Amino acid sequence: MRKDEQSQTVSNGIATIKIREVRCACADCGAHVVAWQGYKVSGWCENCGSYDVRPLPVPIVPLTGIPLAS
Ligand SMILES: [Zn+2]
């Protein structure tokens with residue numbers, strides 16, 4: 001009997017959470033701070049001390065210098 005090669009255990013458990021720095025704006029004073037986004041955004045405003053920071057929308061930078069060669 002042939003062994004099932006497709007047999008594999010798929011762990012649909014906890015996904016890997018990547019911590020990354022995100023630019024945020026303080027909800028109180030509007031100052032831009034750097035927070036860390038993992039499971040949730042956690043940051044602290046150095047200006048007013050508030051922990052209520054909101055992630056800034058990431059600007060879409062158009063790629064330049066790419067010739068449309070045919
Ligand atoms: Zn603030």
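Strands S1 and S2 pair in the antiparallel sense over 6 bridges. Strands here are DSSP runs of E of at least two residues, and helices are runs of H or I of at least four, both numbered from the N terminus. Two strands count as paired if DSSP finds at least two bridges between them. The model is a predicted one: local features need pLDDT of at least 70, side-chain atom pairs count only at pLDDT 80 or more, and totals for chains, interfaces and linings use all residues. Residues are numbered from 1 along each chain as its sequence is written.

Two bridge pairs illustrate the S1-S2 pairing. Cysteine 24 has valine 33 of S2 as its bridge partner. Alanine 25 stands opposite histidine 32 in S2. The hairpin of S1 and S2 has 5 residues between the strands, and its glycine 30 takes a positive phi near 85°.

One of the residue pairs is glutamine 37 with valine 41 in S3. A hairpin of 3 residues joins S2 to S3.

Together, the 4 strands form an open sheet with antiparallel pairing, in the order S3-S2-S1-S4. Strand S3 (41-42) and strand S4 (53-55) are the edge strands, and each pairs on one side only. Strands of a sheet pair through backbone hydrogen bonds, either parallel or antiparallel. The chain contains 0 helices and 4 strands. Its pattern along the sequence is β-β-β-β.

Burial was assigned from C-beta atoms placed from the backbone: a residue is buried if 20 or more other C-beta atoms lie within 10 Å of its own, exposed if 12 or fewer, and partly exposed in between. Buried residues make up 9% of the 70 residues in the chain. The largest nonpolar core has 5 residues, namely Cys24, Cys26, Ala35, Cys45 and Val53. A nonpolar core is a set of buried Ala, Val, Leu, Ile, Met, Phe, Trp, Tyr and Cys residues joined through C-beta atoms within 7 Å.

Contacts were assigned where C-beta atoms, placed from the backbone, lie within 7 Å. Neighbours within four places in sequence aside, cysteine 24 contacts Val33, Ala35, Val41, Gly43, Val53, Arg54, Pro55 and Leu56. Glutamine 37 is 13 residues from cysteine 24 in sequence, and their C-alpha atoms are 10.0 Å apart.

Valine 53 is another member of the core. Residues up to four places away in sequence are again left out. Valine 53 then touches Cys24, Ala25, Cys26, Ala27, Val33, Ala35, Val41, Gly43 and Cys45. Across the chain, residues 24 or more positions apart account for 24% of the contacts with a separation of 6 or more.

Tryptophan 44 lies in the loop between S3 and S4. This residue counts as partly exposed because it has 16 C-beta neighbours inside 10 Å. Not counting residues up to four places away in sequence, tryptophan 44 touches Val33 and Tyr51. Alanine 25 is 19 residues from tryptophan 44 along the chain, with a C-alpha separation of 9.8 Å.

Conventions:
Contact = placed C-beta atoms within 7 Å.
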